[in-house]
Amino acid sequence: MKLDLKPLAQQPGGVLPFVLDMDLFNLDWNGIRPFACPVHVEGQVRNRAGALELKARMDTMLSLVCDRCAKPFQRDKTVEYETLLAFELANGESDDIVELNREGELELDELMQEVFLLEMDTKNLCSQDCKGLCTGCGVDLNVERCRCKRETDPRLAMLAQLLEPEEPEQ
């Protein structure tokens, strides 16, 4: 979706609202396709005393796999974004300002996709207190206790015997 911003640049106080649904169903993110539904984008470009200011909000539901216990789960994801837009940058590039193309247009879907993907989490957990899987027996520690028999360090074997319950005499 292209936004033609030349007319807005001539209207101090003018506003150009936009709504967009981005289809990212086929995007592979770390081996999964997390976008179960489109990313809904709503926002506006406002001319504030000759400066073009873009504000946007992106919402979707992600279908993810927990990095600790490997269970699938869903999570809402919202990204808020604000930036200034310029027809030409004096120094060539800027992290804070987005440059429009030569025709004074903004490729909105490309910008919003890039912003949303940069805000994706690098680690996905079904809950903050997820215990994950046992590295020995593979049991889900959120559901049951580990079945591994812990090996005692030979240097501490004598102390371990003190902790063992005494067997009743018969």
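The model is predicted, so local features need pLDDT of at least 70 and side-chain atom pairs count only at pLDDT 80 or more, while totals for chains, interfaces and linings use all residues. Residues are numbered from 1 along each chain as its sequence is written, and side-chain values use heavy atoms, with hydrogens and water left out.

Rolling a probe the size of a water molecule over the atoms shows where empty space is left. The search here runs on a 1 Å grid over the protein atoms alone: a cavity is a set of points where a 1.4 Å probe fits but cannot get out, and a pocket is an open set with protein on both sides within 12 Å along at least five of seven lines. Lining residues have an atom within 4 Å of a point. Grid points are joined across faces, edges and corners, and a volume is the space filled by probe spheres set on the points.

The largest pocket has a volume of about 170 Å³. Its lining consists of Val98, Glu99, Leu100, Asn101, Glu105, Leu106, Glu107, Glu110, Leu111 and Glu114. At least two of the lining residues come from each of strand 6 (97-99), strand 7 (105-107) and helix 2 (108-118). Helices (H or I, at least four residues) and strands (E, at least two) are DSSP runs numbered from the N terminus. Sorted by class, this lining has five charged, four nonpolar and one polar residue. In this sorting Asp, Glu, Lys and Arg are charged, Ala, Val, Leu, Ile, Met, Phe, Trp, Tyr, Cys and Pro are nonpolar, and the others, Gly among them, are polar.

One cavity of 30 Å³ or more is counted. The largest cavity holds about 40 Å³ of space. Leu62, Leu64, Arg75, Asp76, Lys77, Met120, Asp121 and Asn124 line the largest cavity. Strand 4 (51-65) and strand 5 (72-86) each give at least two residues to this lining, and strand 5 gives the most, with three. The cavity lining divides into four charged, three nonpolar and one polar residue.

Side chains of opposite charge can pair when their charged atoms come close. A salt bridge is taken here as a side-chain nitrogen of Lys or Arg within 4 Å of a carboxyl oxygen of Asp or Glu, and the structure holds eight of them. Arg57 takes part in a salt bridge with Asp59, with the closest N and O atoms 3.1 Å apart. Arg57 also meets Glu80 in a salt bridge, at 2.7 Å from N to O. That pair links distant parts of the chain, with Glu80 in strand 5 and Arg57 in strand 4, 23 residues apart.

Arg57 counts as partly exposed because its relative accessibility is 38%. Asp59, at 23%, is also partly exposed, whereas Glu80 is exposed at 55%.

Another salt bridge joins Asp140 and Lys71, at 3.1 Å from N to O. Asp140 lies in the loop between helix 2 and helix 3 and Lys71 in the loop between strand 4 and strand 5, so the pair ties together parts that are 69 residues apart in sequence. Asp140 is buried, at 12% relative accessibility, and Lys71 is partly exposed, at 38%. Elsewhere, Lys2, Glu105 and Glu107 are linked in a network of salt bridges. Glu105 and Glu107 are also among the residues that line the largest pocket.

The loop between helix 2 and helix 3 also contains Gly136 and Arg147. Gly136 is exposed, at 57% relative accessible area, and so is Arg147, at 60%. For Arg147 and Val41 the C-alpha separation is 48 Å, and the two are 106 residues apart in sequence.

Leu159 has its place in helix 3 (residues 157-163). With 52% relative accessibility, Leu159 counts as exposed.

Conventions:
Buried means under 20% relative accessible area, exposed over 50%, partly exposed in between (1.4 Å probe, protein chains only).
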